[in-house]
Amino acid sequence: MSEPLRGVIVSHAALAQALLAAVAAITGVKDAFVPVSNDGCDTGALTERLTQAIDGRPAVLFVDLPGGSCLTSSVRLARGRIDLAVVTGVNLAMLLDFVFHRELAPADAARRAAEAGGRAIRTPAA
Amino acid sequence: MTIALYRIDDRLIHGQVVVGWGKPLNARFIILVDDTVSASPWEQDLYRMGVPPDMEVVFASTAEAARRLDEWERDPRVGILVSGDIDGLAVLSGGNHGMRRVNVGGLHHRPGRSERLRYVYLSDAEAAKLRALAAQGVEVTAQDVPTAAPVPLMDFT
């Protein structure tokens, strides 16, 4: 069996670290994600942090916003590569789905994670 | 003046620009001055992704920006002009343009630069360029977001 996919959470400030802690608290899985913050980074420095986080493995990059430095650096890195995929609008629901589907190809894992994340956004009657 | 913010920020278009400044200023267009991005439709698509559909994005080379600045300043809408480096704005400082204030919003660590503020790293040459800009009558301050206090040039160069 090949190595499971790596998830890289790419965010402003400490959001990535907090999401990683939440995933670990719910699932007990602590090694599925690597957090990356854009704090203090220009584009080059953020790309370097991402490269280190990916560490040459197939990965899905979970980015906080659908625009901005986290996205631009992630998409530049993933451009033309089948071993990397990018999802924007990261939320806890999509990360929980990803934890249990890391045997998929990056594009497939990203697609189903995005669907799970979207399904979690609701306006329940209170 | 319809360009409400002239900003130096090496992240170019990102959350602080679009949301942090764009919302309170009610900006309707952003001019991104960058020679590399202006020559790459793929890069332009990437930066456009972070901007709401009702906000126009203009991509311009440094030379084009110098040529079209008067036109943008006459635009009745409120605009933001962003350059990734000091030179990109310095070329706009001549003539009778409306660029009276420059906002240093983010220049991050690179070899040869030292930390001046949490979000501003400058080489000595870059600090001199900012002082030269100020000597032309441009007010240069550092301020990452509108809710922060602007830091006078003399306090970070």
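In the predicted model, A:L61 has A:V86 of β4(A) as its bridge partner. Helices here are DSSP runs of H or I with at least four residues, strands are runs of E with at least two, and both are numbered from the N terminus. Five bridges join β4(A) to strand β3 (residues 59-63) of chain A, and the two run parallel. Strands count as paired if DSSP finds at least two bridges between them.

Local features of this predicted model need pLDDT of at least 70, side-chain atom pairs count only at pLDDT 80 or more, and totals for chains, interfaces and linings use all residues. Residues are numbered from 1 along each chain as its sequence is written, while chains are lettered from A and ligands numbered from 1 in the order in which they are written.

The sheet of chain A is open and has four strands. Their order is β2-β1-β3-β4, with parallel pairing. The twist averages 20 degrees from one strand to the next. Angles run from 0 to 180 degrees between N-to-C directions, and axes are lines fitted to C-alpha atoms, for helices over the stretch in contact.

Helix α3(A) lies across β1 (6-11), β3 and β4 of chain A, at about 160 degrees to β4(A). Helix α4 (residues 92-99) of chain A also packs on the sheet and touches β1, β2, β3 and β4 of chain A. Its direction makes about 170 degrees with that of β3(A).

Chain A contacts chain B through 14 residues, which meet eleven residues of chain B. Contact requires C-beta atoms, placed from the backbone, to lie within 7 Å. The largest share of this side of chain A, four residues, comes from α3(A).

Key. Contact = placed C-beta atoms within 7 Å.
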